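I am opening a notebook on a structure I have not looked at before. I will write down what I look up, entry by entry.

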Amino acid sequence: MNKVKQALQSIRIHGKGYMVYSYLWIWDKNNYLNEVKKYGRNLTLAERDAELEQEGSSGIKSIGTGEYPPFSVYKEQLDKFIDLQDQVHQWETYDIFFGFLRLNMEGFKRSVLNQIGQWISLFKMDLINFVRNSLQELQDFIDEAKVVLKMELKRDDFDGLVKILSVLNQINEKQYVFDNMFEPLRDIVNLLRKYGYEFKDTELLQLNELPDAWLKIKRQAAMTKQLIAPIQSYQVDQIEKRILLCNNMANTYRKKFMRKKFLNVPCPNCYELIDETDLEIVELEERQQTLTESAVLFELQGPDPTKIELCRNDLKLVKIMWDFAISIESTINDWKKTPWKKIDIEAMDQECKKFGRELRGLDPTMRSWEPFIFMEASLKNLMTSLRAVTELQNPAIRDRHWVELMQTTKVKFNMDDSTTLKYLIDLNLHEYEEEVKNIVDKSVKEMNMEKQLRDIAAAWAGMEFGIEVHERTGIKLLKASEEMIETLEDHQAQLQNMTSSKYVTFFLQEVSSWQQKLSNADQIIGSWFEVQRKWQYLESIFIGSEDIRSQLPEDSKRFDFIDREFRALLAQMNSDRNVVRSTNRSGSKLYEHLETLLKMLLLCEKALNDYLETKRLSYPRFYFVSSADLLDILSNGNNPAMVSRHLTKLYDSIGKLNLIAGTRQAGGMVAKELEEYVPFLQNCDCSGKVEVWLNRVTDKMRETLRDQLRRSLTQYDHKPRHVWIFEWPAQPALVGTQIMWTAETNDAFAKVQLRYENALKDYNRKQVNQLNNLIILLLGDLTAAERQKVMTVCTIDVHSRDVVSTIITKKIEVQTAFQWQSQLRHRWDSKIDDCFANICDAQFRYDYEYLGNTPRLVITPLTDRCYITLTQSLHLVMGGAPAGPAGTGKTETTKDLGRALGMMVYVFNCSEQMDYKSIGNIHKGLAQTGAWGCFDEFNRISVEVLSVVAVQVKCMQDAIKAKKTTFSFLGEYIALRATVGVFITMNPGYAGRAELPENLKALYRPCAMVVPDFALISEIMLVAEGFQEARLLARKFITLYTLCRELLSKQDHYDWGLRAIKSVLVVAGALRWENIFRSRGPPLLRGGFCRGYQHLEAWLPPPSTAHAGEMGPS
C-alpha cells in the first residue's frame, strides 16, 4: 500500500513539470497577437498594467509605425511554436512508475499539440488575411477609378468634375502605399510557402497582374487631369463667388442673432425662439459644409465658419442659461407659497448659495447678457430679503417694532399666521436691509434688557441677609454671603451697562429705579458690616473688660451709646431681612445713621490703639503680637499663668514660667520644646502691671543665662567634656563649648609660635576624641532632651573639627590668618565679664536670649560666607539681604546666626497687603527691643510701600551710627538698642516680585545664596545622629538621591530636596538608636532610609529600586 502511495506521489510530482505549458490555454490569443504586432513581444503582467493605467504612455517602446510589424517578428513567433511542436511530438506515450504503474500520456499530448496548432494558425492566418485584403483593396480602387476617369464632362457638370477630382486626389494620396506594396506581399507568400501554405492560383495571378494595372491607372489619371483643366478653372470662379456670398450671409445672421428676444428679459417663449434659431443655424451650417468640401477639391480657402460657430455656441449657452433661470424661478415660486413663520431660512439660504455658485460656474460669455444679469441680481436680492426675513423671525420682535418697520418701509400690512414669504419679498426688504437689521438689533437688545431686569427682580425678591449668633452676647448679627455680594456687584454692573446703552429708552424708568435700590443696598451693606465688624471687635473690650473701662471712661460711655443704637438698628433689620426692602425703607435715614456710628466707633478704636501703643512703648515686644492677643494679655495682666500662654509669641523659646504656688513669683523658665527647665538667679516678681513684670522676666532671663555661662566656664576643666555638658542647660553648654574651642585653638596657635609644630594636630586629635565620646553617648540610653543637647553640640563640633583640619591642611600657623579670623569665634572677656563673638573685624556682645534646647543649623562653607557678609553688614550699620532660589537656606541661616549670638530673631512673611504703617510698627518694635527682624519674600511688598520703608530703615541706621539711645521715628521719640538688625530675603525672578528701589537697595548688603552642599550637610547630620562612618554613608546617600532626582519622573509628589534629606536622616538616626547592638555599617543606614520612606510615604512614594545597590552590600 505504501508503494502505491509513493507511486501516486511520484505521478503528482511528474505532472507538475508540465505546468510550464499552461500558457497555451491561459493566454488570450488575440491580445497576444496584438501585443506582438505592436511591441514585437508579449508584455509582462507589470508592463500590461502600466499600459492600462497610463493609457498607452507608459514608455514601452513599440516597433514600426504601420498596422503590421516587420515580418521577421512573425517568423520568430512561428519558429518558436513550431519548435515547441517538435518537442511535444518527441514525448513518450507512456511513463512507467515503480515498475507496476503506467501513466498514459496520449490524450494530454494530443491536446497540447492541438493548442500549439491553434497558435501557429493564428499567426499564419493573420499574414494570409493581410495579403488577401491588400490585393482586394487595390483591385476595388482600380475598378472604381477606371469608371470615373472614363466619364465625359461638360462645362457646367459640377458633380462629375467633383467625382473626377476626388479620384485624382485618392490616387495621389495612395500612390506611395500601392507603389511599395507588392514586394512585401511576395515576401509573405514565400514565407508562408516555407511553412506549408500555398495561395490559390487566382490569388497569385492577381499579385502578378495588379502592378501593371496600377501603372495604367496612374497614366490615365495624368491624362485626365490635363483634359479637365479648363472646366476646373471655370468652376473655381463660381465657387469663390458662392464662398463670398456665404460669408456675407454669416455676418448678417450674427447681427440678427444678437438681437434675438431670448437675450432680453422677459422672454416667455424663449424655447420656441431657440428652436427656430437652431433650424436657421443648421441650414447655414449645411451650406457652409458643402462649400467647404468643394473648396478642398479645388484647393481653395473655404468659407469662414467663425460667425456661425459662434452663433451655435451662443445658442447652446442661451439654452443652458434659460434652463437655469427657469429652474431658479420655479424654486423661488415654490418658496413664496410657504407661510413666513414656517420658512426654513437656512435651507433656502444654502440653496441660494448653491444657485450662486452654479451661476458663477457658467460660461463667462453669459455675464454680459441681460438674463444673466437679471438672475444674478434676483438671487442677490432674494438672499438679502431672506436675511431680513430671518431677522424678522426673531422672537424679540414686539408689536412696537412692527409699527416702526411700517414707518420705515412706508407700507402698511397685517402680520398673522397666514402671511406667506411672497408677501414679504414683495415688500422689497432688500432695499431696507440696514433698517431691518437695526430694528431687530434693537428688539434683541431690548429683550435682553427685559430678561436681565426680570432676573434681577427675581434674584432680589428672595435675597435675604443671613444670621450668625454673637458668641458673647447671643444676639443675631447680620451676615452677607459671598454669593450675595457677587450678585450685587454683577447686577450693578449690568444696570450701568444698560444705562449707557442707546436701547434703554423703553426701560429707562425701571432701570433707574433698580439702580437706586441697589446703590442704596450697596452703600448700606458696606457701612453696616464695617460698623458691625468694629462693634464685634470693640464690644468685648469696652463692655467685657473692666480694666479698659476704667482706663478709658469717656470712650466707654461713647461705646455704650453706640451699643444701644446698633442693637436697635439690628432689631429693625432682623424684622425683615430682605436685602432690598430693608435697605430701601421709605423715609429711612439708615445710611446716615450708620455713618454717624462708624465715626464714633473710629474714635473709640483710635483711643484704644493709643492706649495699646502706650503699652507697646513700655514693653516693645508687644509690637510683635496682634491687638487681640495684646488685649488678652492686658486683661489677664494680674494672672501670670494666663499670660504664659502668649510667651511663645514674645520670646524665642520660653514656653511658660515656673510659678511658685500661692504667689506671683516665678522661680524659672521652661522651654517650649523638650521642656528644659532653667531656674532664675533670683525669683522674678510677676505682680503689678503686665508690661512691667514682663520686662523683669526679660532681665531675669538675661542675668540667669549670663551667670550660667560664667559658672559653666569655670567648671569646664574640672571634668571631661562629655560629663560636663550634662551639668548645664543646653544653651550655656553649647556656647561654653564654642568659647573653649576658640580659646584652645588660640592656645594651639601660640604653641606653634613657640616651635611646638604638632600643637594643632594634637588639638585636632583631641577634637576627634571628644566627638567620638559624644557619638558613644548618643548610642546610650539618653532622654530626649539630653540626646538633643548632645546632637546640637555634635553639629557644632564637626564644623569646629573641619575648621582646624583645614587650617592644618593649608599649613596656617598664626591666629591672624584670614582662614581663622573669618570664623565666628566666641570668647569670654574676663575684664568686662561678658561673652563676645568675633568674626573678621566685627565684634558682637552675646545677647542672652533664651534659645532652649533646640537643634542648630549645619555649618557649611556657604554658611560661613553668609555669616561673614551679614556680620559685616551689621558692623557697617547696614541691613543684610540674602538672595537666592527657594531651599537655599536664606532665612534659616539668618536665624541660626541670631542663635549663635544669643539674639531674638523675628521672621515676617511679607505680602502685598503690608503697608508702611504695619512695617513701621515692626521697625519700631525692633528698634526698642534690639532684636533682629527677617523679612521673608521682601520684594513681594509693593514698590510704593518699599520707598517709605527705605526712609524708616535709613532713620534707624542713622540713629545707630550717631550712637543715640533715643531717636525720632514716625513722629515720636522712642528708645534705641544698637543691637537691632534688619534682614531681607528675596527669591529673584519670580512672578509678582517687585524690583527694590535704589534708595532701599543701598541700605542692605546683598549676599548670594546658592544650592547648599548636600553631602556635607548629610555627613554632619549623620555624625549628630550617632554614625561614626558618616562621610562614606553621606556620599552613598547623596549618590542615591542624585540618581533618583535625575532618573525618576518630574512629578509633584517626588521631593529630593534638603527637607526630604533631613527627614530621612532623622528617621535613620531614630532607627539606629533603637538598634544600637546591630552592625554600624551601611545596612543599618539602608534600614534608616527604608523607615524614612515609610514615614514620609504621603509625599515620597517609593521610587524604583533600580539603584538600591548604591547603598553598599547588605
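My entries below start with the whole protein and then go to single elements and residues.

**Entry 1: the whole protein**

I note at the outset that this is a predicted model. I looked up the confidence. The mean pLDDT of the protein is 82. I see that 85% of its residues reach 70 or more. Over residues 1077–1085 the pLDDT is below 50. That stretch still has 18 contacts in the model beyond near neighbours in sequence. Residues 1087–1114 also stay under 50. For them I find 57 contacts beyond four places in sequence.

Next I looked up the overall make-up. I count 41 helices and 17 strands in the protein. Of the 1114 residues, 46% are buried. I also checked how far along the chain contacts reach. Taking contacts between residues at least 6 apart in sequence, 72% join residues at least 24 apart.

**Entry 2: helix 21**

I picked helix 21, which covers residues 553–575. It has 23 residues. From its first C-alpha to its last it reaches 34 Å, close to the 33 Å expected at 1.5 Å a residue.

Which residues of helix 21 are buried? I list D555, S556, F559, I562, D563, F566, L569, L570 and M573. I then looked for what covers them. The cover includes strand 4 (476–479) and helix 19 (508–542). It also includes helix 20 (546–551), helix 22 (579–583) and helix 23 (590–618).

I took I562 from helix 21 for a closer look. Its relative accessible area is 0%, so I562 is buried. Leaving aside neighbours within four places in sequence, I562 is in contact with L597, M600, L601 and C604. I checked one of these partners, M600, by distance. I562 and M600 are 38 residues apart along the chain, yet their C-alpha atoms are separated by 7.4 Å.

I looked at one pair in detail. Strand 5 and strand 6 (residues 665–671) are joined by 5 bridges. L657 stands opposite M669 in strand 6.

Is Q708 buried or exposed? Its relative accessibility is 7%, and the cut-off for buried is under 20%, so Q708 counts as buried. Beyond four places in sequence, Q708 is in contact with V678, P679, W728, P729 and P732.

I found another open sheet of 3 strands, in the order 8-9-10. Its pairing is antiparallel. Strand 8 (825–829) and strand 10 (842–845) are the edge strands, and each pairs on one side only.

Strand 8 is joined to strand 9 (residues 834–839) by 5 bridges. R825 stands opposite N838 in strand 9. I also looked for a helix here. Helix 29 (residues 730–753) lies across strand 8 and strand 9. It runs at about 90 degrees to strand 8.

My last stop was a parallel pair. Strand 13 (residues 932–936) and strand 16 are joined by 4 bridges. Strand 16 covers residues 981–984. Where do its side chains point? G981 and F983 point one way, V982 and I984 the other way, and all are buried.

C934 stands opposite F983 in strand 16. At 0% relative accessibility, C934 counts as buried. I then looked up disulfides. The search of the whole structure finds 0. C934 is in none, and the nearest cysteine sulfur, that of C910, is 8.7 Å away. A disulfide needs the two sulfur atoms within 2.5 Å.

Methods
Residues are numbered from 1 along each chain as its sequence is written. This is a predicted model: local features need pLDDT of at least 70, side-chain atom pairs count only at pLDDT 80 or more; totals for chains, interfaces and linings use all residues. Side-chain values use heavy atoms; hydrogens and water are left out. Buried means under 20% relative accessible area, exposed over 50%, partly exposed in between (1.4 Å probe, protein chains only). pLDDT is the predictor's confidence in each residue, from 0 to 100. Contact means heavy atoms within 4.5 Å. Two strands pair if DSSP finds at least two bridges between them. Helices (H or I, at least four residues) and strands (E, at least two) are DSSP runs, numbered from the N terminus. Axes are lines fitted to C-alpha atoms, for helices over the stretch in contact, and angles run from 0 to 180 degrees between N-to-C directions. The expected span of a helix is 1.5 Å times one less than its number of residues.
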